[in-house]
Amino acid sequence: ELEQLASRSIPAMRRFAACRYSARVLGFAEVNTAWRDVLQDSHLRTVSQWRALSDVEVGRHLAGVAALRPWWQVVERACPLVASPVAERIICEVRAHLARLLATNPSVLPADSAPDLLGLARALSAQARWSEHAYMVSEEEFKWAQRLPGISAMEWSDTADALLPAFPLPGRGVPHDEEVVSGEGRDAVQRFYERHVFPQWDHLTPWSSNLGALAEPVRSTGLAGRSVLVAGCGTGRWACHFAATFPKASVLAVDVSHASLDFARERCERFNLTNIRFEHADLRSWSPVETFDLVECGGVLHHLEDPEVAWSRLLAALSPSGTMLVSLYSRTARRLLKRLRGEILQSSFPGRPLPEWRAMDDDEVRRFRLELLRRTWATELLALAQSPDMHSVARLRDTFFHPLEHEYILPEVQSMLERLGLKFSCMDADPALQELFRGACPGRDPCDLSAWHELEQRMPELFIGMYELFVTRK
């Protein structure tokens, strides 16, 4: 099959890339396996017909859906990753019907299903909270939600209270902070991440059961109990998972956002991680006083005024024999995203001056997202539609409306590495990507960035996430 890959059509190679990307998304396979298992349920299969049924019949269906606890537990756990238009539509329909009956006719809800319906309400609210209410909510549904705090049926008050956070109330249409999108890069970027604390995460499963999927530098550093710096740790998800997987290793995680660090420290305490510490640091001015065997800097440098200067400062933290994992935006891949953004803004928000889209309120971002998904499902950009970045309001802003970003092509990255005294070691940790390279570029060296550049020209969406580069000192 690998020998045949080089002769495959570009569309077939794109489907390969899309499948590879969706398979790597944390929780995606789990969600969709659970979804397939429950899709045959008679209640879920008829959800589109509920609007024509009596309240009593809808109440019975809601009780049946609420009894599908494995599905709702997955929704609650991997909520930003429910990347399916069918799943999203059903979640919205179930949410709307539950709100309507609680607000207008709670007596039709089966009393013996109260515990299940309470669990369902909590799962719907968790999904909404972690995705920053990415799913659309109708005006009619908002009216039902406003009635939930004062329902007269006391036996359902706990369920109503549990469902209320599923709706972005109050201030659902508040414009994005003007200070975030105005001003110069340094302050604007920090304000952006103080306001948008993401990714939100609530569960920690060590990578121990799947160590083979980790890149060799990450795995060997952890197993040897060496030191790791996470530069730009955000809410600490990667740092905490590494620390939990390799308890003998020591981890320092730094970030510019105080709000993100507060979130990360809370998670660290919750999961009783003793081999990690968090510090506030601005990579534009920070001078490391320690050296580390592995430095991870994912999706950070390209949001700084001068990424190369910041990278050169960060090199002071890399031990002579250490490895650095750096993720950068691909200009080739993001050209597709910018084209989509322009088309959607022109058609859905006509007449709006270019700078103003960075200040869109959350309702407008939801409208943008809905049109974006409509244009990307069942296309060569399926990988984008399935990305967690499309299923969270904050991550969507980060991807499409960030106040400062830089993009690269691989020849530019190669030149930057040479100026920094670094050499490219490998691309990514994904075996499927390496197989794709070997099949599409037979005889080429996977440590040759020019070969990867040629492949990307054939498959512009190959690095639609980011370039993930392992580099070492020369």
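# Briefing: fold, packing and backbone features

Of the chain's 474 residues, 56% count as buried. The model is predicted. Its secondary structure comes to 23 helices and 7 strands. Among contacts with a separation of 6 or more, 77% join residues 24 or more positions apart.

**The sheet**

- The 7 strands form an open sheet with mixed pairing, in the order β3-β2-β1-β4-β5-β7-β6.
- The edge strands are β3 (276-280) and β6 (422-427). Each has a single partner strand, so one side of each is left without a neighbour in the sheet.
- On average, neighbouring strands of this sheet are turned by 20° against each other, direction ignored.
- Strands β6 and β7 (residues 467-473) run antiparallel and are joined by 5 bridges. Within this pair, Cys426 has Phe470 of β7 as its bridge partner.
- Helix α13 (residues 216-223) packs on the sheet. It touches β1 (227-231), β4 (292-298), β5 (318-328) and β7. The direction of α13 makes about 135° with that of β4.
- As background, strands of a sheet pair through backbone hydrogen bonds, either parallel or antiparallel.

**A helix pair**

- Helix α5 (residues 55-66) packs against helix α8 (residues 114-130) at an angle of about 75°. Their axes are 8 Å apart.
- Angles of 65 to 115 degrees count as roughly perpendicular, so α5 is roughly perpendicular to α8.
- From α5, the contact uses Leu62, Ala63 and Ala66. From α8, it uses Asp116, Leu117 and Leu120.
- By class, this contact has 5 nonpolar residues, 1 charged residue and no polar residues.

**Nonpolar cores**

- The largest nonpolar core has 70 residues. Those with the most contacts inside it are Leu62, Trp72, Val94, Leu98, Leu163, Phe368 and Leu372.
- Helix α7 (residues 85-104) gives the largest share of this core, with 11 residues.
- A second, separate core has 46 residues. It includes Ala231, Leu252, Met459 and Leu469.
- Which residues does Leu163 contact, leaving aside neighbours within four places in sequence? They are Arg95, Leu98, Ala99, Leu102, Ala121, Leu124, Ser125 and Leu148.
- In soluble globular proteins, nonpolar side chains tend to be buried together.

**A glutamate in a helix**

- Glu371 sits in helix α18 (residues 362-376).
- Is Glu371 buried or exposed? Glu371 is buried, because its relative accessible area is 15% and the cut-off for buried is under 20%.
- Not counting residues up to four places away in sequence, Glu371 touches Ile344 and Ser348.

**Backbone features to check in the loops**

- Most residues other than glycine have a negative phi, and most peptide bonds are trans.
- The peptide bond from Phe198 to Pro199 is cis, with omega near -5°. Pro199 lies in the loop between α12 (185-195) and α13.
- Glu132 is not a glycine, yet has a positive phi of about 55°. It is found in the loop between α8 and α9 (139-147).
- Asn272 also has a positive phi, near 55°, and is a residue other than glycine. Asn272 is found in the loop between α15 (258-270) and β3.
- Glu132 counts as buried, at 19% relative accessibility. Asn272 counts as exposed, at 62% relative accessibility.

Technical notes:
Residues are numbered from 1 along each chain as its sequence is written. This is a predicted model: local features need pLDDT of at least 70, side-chain atom pairs count only at pLDDT 80 or more; totals for chains, interfaces and linings use all residues. Side-chain values use heavy atoms; hydrogens and water are left out. Two strands pair if DSSP finds at least two bridges between them. Helices (H or I, at least four residues) and strands (E, at least two) are DSSP runs, numbered from the N terminus. Axes are lines fitted to C-alpha atoms, for helices over the stretch in contact, and angles run from 0 to 180 degrees between N-to-C directions. Contact means heavy atoms within 4.5 Å. Angles under 35 degrees count as roughly parallel, over 145 as roughly antiparallel, 65 to 115 as roughly perpendicular and the rest as oblique. Ala, Val, Leu, Ile, Met, Phe, Trp, Tyr, Cys and Pro count as nonpolar, Asp, Glu, Lys and Arg as charged, and the others, Gly among them, as polar. A nonpolar core is a set of buried Ala, Val, Leu, Ile, Met, Phe, Trp, Tyr and Cys residues joined through side-chain atoms within 4.5 Å. Buried means under 20% relative accessible area, exposed over 50%, partly exposed in between (1.4 Å probe, protein chains only).
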